[in-house]
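Dear colleague,

Please find below the structure that I am handing over to you. My findings follow directly after it.

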Amino acid sequence: MMENEHDINGTASSDQKDGEDHDCTTTSTTTSIINTSIHLLKEEADLINRIRDILHLDEEIQQSSVTDRLSPQKHHNDRRFSINNITLSAATLEFKIERVKQKFAAGSMEEAFYECWKIPSEQRTLEIWKLGAESSKKLSCFAVAERWFSEAINACRSHNTDLNIKLEQARIARFYSTYLLRYPMIDIRVDSRGKGIYAKRVISTGEDIFTDIPIVHSQTVDTLTISPACATCTTSLLTPSLYFETSWLQMSDKLRKQIEDNWPKMTIVPCTGCHYEIYCSEECRLKAWVSYHRILCPSNNSATVELYQFCANRQIIVRETWNSIFSPMIIAKLWAMIIIDTVDHLVNDNTSSSSIINSIETSTAIERAKEKFSDFISTGDETYVYTIPRMLRIMQNIFDHSSLPFRYEVDEKEFTYRFYQIACNAQSFSSPTYAAMIYSHFLFNIRNDRNLCQILQKYSHGEPRDQVFGGLFLLQSCLNHSCDNSVEIMDCQVTPEQAGIKVRCKHQLKPGDELTINYVDLGLGRRARRAMLKRAYNFWCECIRCRFEGDDCNSCTECRKYSENNRKSFPACSRCRAAWYCSADCQKRAWKRGHKIICRDWTKERSSSSAN
Ligand SMILES: [Zn+2]
Ligand SMILES: [Zn+2]
Ligand SMILES: [Zn+2]
Ligand SMILES: [Zn+2]
Ligand SMILES: [Zn+2]
């Protein structure tokens with residue numbers, strides 16, 4: 001998403017502060033920043049080994065060996081992992097820098113990077129960090145390029161937009177390369193506003209552009225109990241007893257049997273440990289158990305009961321607890337996934353699971369697990385957390401629980417960061433197997449049984465409400481907002497097992513045009529839209545529609561002149577009724593400059609906004 005400076009927590013641009021010694025026994029932000037580079041150092045070691053193979057190098061590395069540098073205990077007191085004790089003389093350094101430049105200019109990226117790397121890190125100049133970054137990027141080692149660009153930014157001291165953009169580009173290459181290969185008609189670009197998705201070829205109206213599946217999702221609390229669904233694949237699990245609610249118990253056994261015989265067949269698999277989560281199949285149950293629920297199931301962690309109860313009671317707005325449309329469960333799931341990924345990394349790295357303590361290995365593994373979520377922007381009022389102390393306490397109790405492999409510290413900062421990640425990026429979606437569809441299948445099945453239809457009229461209360469989920473989507477979250485959006489988001493069964501979203505072209509795109517969605521209701525006036533966008537996403541909308549609409553009838557939308565004493569109002573554009581002009585001249589000029597592109601009745605536009 002755009003417009004906002006990335007929150008410094010968890011992004012590579014906030015890379016380490018040289019030389020500061022931090023307490024490594026916590027999982028706090030400061031430690032996490034340091035450890036990001038440790039984990040990127042491993043990628044660098046791999047690259048160096050690869051280059052040495054390619055170049056058939058067996059020269060003795062004068063510096064301490066690559067593996068030494070990766071052994072965290074050895075350098076416990078030196079967070080910078082400086083690679084050697086040798087200091088090059090000014091003349092040697094200058095000579096080496098010259099050699100790097102030559103290798104780079106000659107297109108020998110392996111040699112260029114190797115030469116950069118051999119210069120002791122304390123002596124690497126801004127130019128060396130930049131050349132190392134550029135050469136590793138050319139070698140498609142984006143994680144390494146990312147580290148070197150962020151070192152270049154550190155070496156730069158003053159703010160450097162160009163380097164920041166390059167750092168972002170390296171991150172994009174690392175995070176989104178699979179998407180970009182799969183969808184060659186789009187490109188992700190960064191500018192000073194942040195990321196955006198652009199068309200690489202003509203994309204026609206109605207064309208499907210890409211699909212995306214959520215990396216974490218949870219059903220919204222307001223549909224959770226009235227429209228039950230599989231917690232994993234989001235397909236509706238509306239049963240007749242749930243649809244008919246209390247009337248179900250008043251029906252005769254015969255009637256209930258008749259209804260059940262005609263209701264679409266479905267299996268409901270509850271969690272074996274609790275009654276809070278239900279699934280459509282054993283596969284979905286297992287998937288949930290493996291990826292987050294074993295951390296959150298009340299049968300393992302008694303502290304989660306309060307959170308599950310809170311969600312089940314549909315308490316969307318409760319003082320001191322929660323005041324948001326998305327479910328707090330999505331944040332809990334995100335942390336549970338980080339914990340599970342961390343443990344998996346440690347097991348894969350052969351750390352014996354008994355020693356999973358808050359060691360530096362654990363913090364490094366946590367950083368690696370967090371990476372998956374690090375590309376979602378997070379921006380908002382930092383004091384909000386203090387208005388919901390109960391939710392903070394509920395989360396702290398869950399993640400400080402003795403059942404966990406390690407304690408995950410949920411402090412105000414971490415809570416706020418995750419809260420706004422979800423608030424800024426959550427997209428509503430669900431499986432196209434909606435509750436309403438199940439109900440209409442049922443009506444279809446009984447259409448010839450006049451008698452049954454008549455009896456049911458007494459009990460029916462119309463179409464059921466559909467299940468709604470909120471999810472974080474990696475590619476979709478790069479889409480920026482426009483009040484005249486060019487693409488729409490629709491629910492989609494992406495694979496037979498996984499529901500997600502589909503992005504469809506709303507009006508034709510030329511190469512270079514940006515794909516945009518609308519975060520707010522398009523039927524609203526400009527003032528209301530801008531206020532909502534500012535409040536929820538912290539930017540002031542300057543889209544084409546905002547540029548060619550006005551706020552009220554007292555000033556001319558084109559020349560900005562005020563009507564006399566604000567008494568007389570200017571006439572509105574008869575089609576869109578969202579612009580006011582002092583004269584026919586002003587109207588004509590505005591029309592030509594661009595009003596014609598956005599002039600239509602917006603109250604009839606279909607909305608496809610984000611979850612909040
Ligand atoms: Zn399912
Ligand atoms: Zn459970
Ligand atoms: Zn706008
Ligand atoms: Zn005017
Ligand atoms: Zn108009």
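His595 and Cys599 are both buried, a term used here for under 20% relative accessible area, with exposed meaning over 50% and partly exposed the range in between (1.4 Å probe, protein chains only). Both residues coordinate the zinc ion (ligand 5), together with Cys573 and Cys576; the donor atoms are SG of each cysteine and NE2 of the histidine, at 2.0 to 2.3 Å. Donors are N, O and S atoms within 2.8 Å of the metal (3.2 Å for Na, K and Ca), and sites may look incomplete because water is not among the atoms. The arrangement around the zinc ion (ligand 5) is tetrahedral, because its 4 donor atoms subtend angles of 101 to 118 degrees. For four donors, tetrahedral requires all angles to lie between 85 and 135 degrees; four count as square planar and six as octahedral if opposite donors are over 155 degrees apart and all others between 65 and 115, and anything else is irregular.

Please note that this is a predicted model, in which local features need pLDDT of at least 70 and side-chain atom pairs count only at pLDDT 80 or more, while totals for chains, interfaces and linings use all residues. Residues are numbered from 1 along each chain as its sequence is written, chains are lettered from A and ligands numbered from 1 in the order in which they are written, and side-chain values use heavy atoms, without hydrogens and water.

Cys271 counts as buried at 6% relative accessibility, and Cys297 does so at 0%.

I turn next to the salt bridges. The whole structure contains 37 of them, each defined as a side-chain nitrogen of Lys or Arg within 4 Å of a carboxyl oxygen of Asp or Glu. One network of salt bridges links Glu146, Glu168, Arg171, Arg174, Lys195, Glu371 and Asp375. Within it, Glu146 pairs with Arg174, their closest N and O atoms being 2.7 Å apart. This pair links distant parts of the chain, with Glu146 in helix α6 (residues 142–156) and Arg174 in helix α7 (residues 161–182), 28 residues apart. Helices (H or I, at least four residues) and strands (E, at least two) are DSSP runs, numbered from the N terminus. Glu146 is buried at 0% relative accessibility, whereas Arg174 is partly exposed at 21%.

Arg174 also meets Glu371 in a salt bridge (2.7 Å, N to O). Glu371 lies in helix α15 (residues 360–371) and Arg174 in helix α7, so this pair ties together parts that are 197 residues apart in sequence. Glu371 counts as buried, at 12% relative accessibility.

Finally, an open sheet of 3 strands has the order β3-β13-β12 with antiparallel pairing, where two strands pair if DSSP finds at least two bridges between them. Its edge strands are β3 (208–212) and β12 (487–495). Strand β3 is joined to β13 (residues 498–505) by 4 bridges, and Phe210 has Val503 in β13 as its bridge partner.

Yours sincerely
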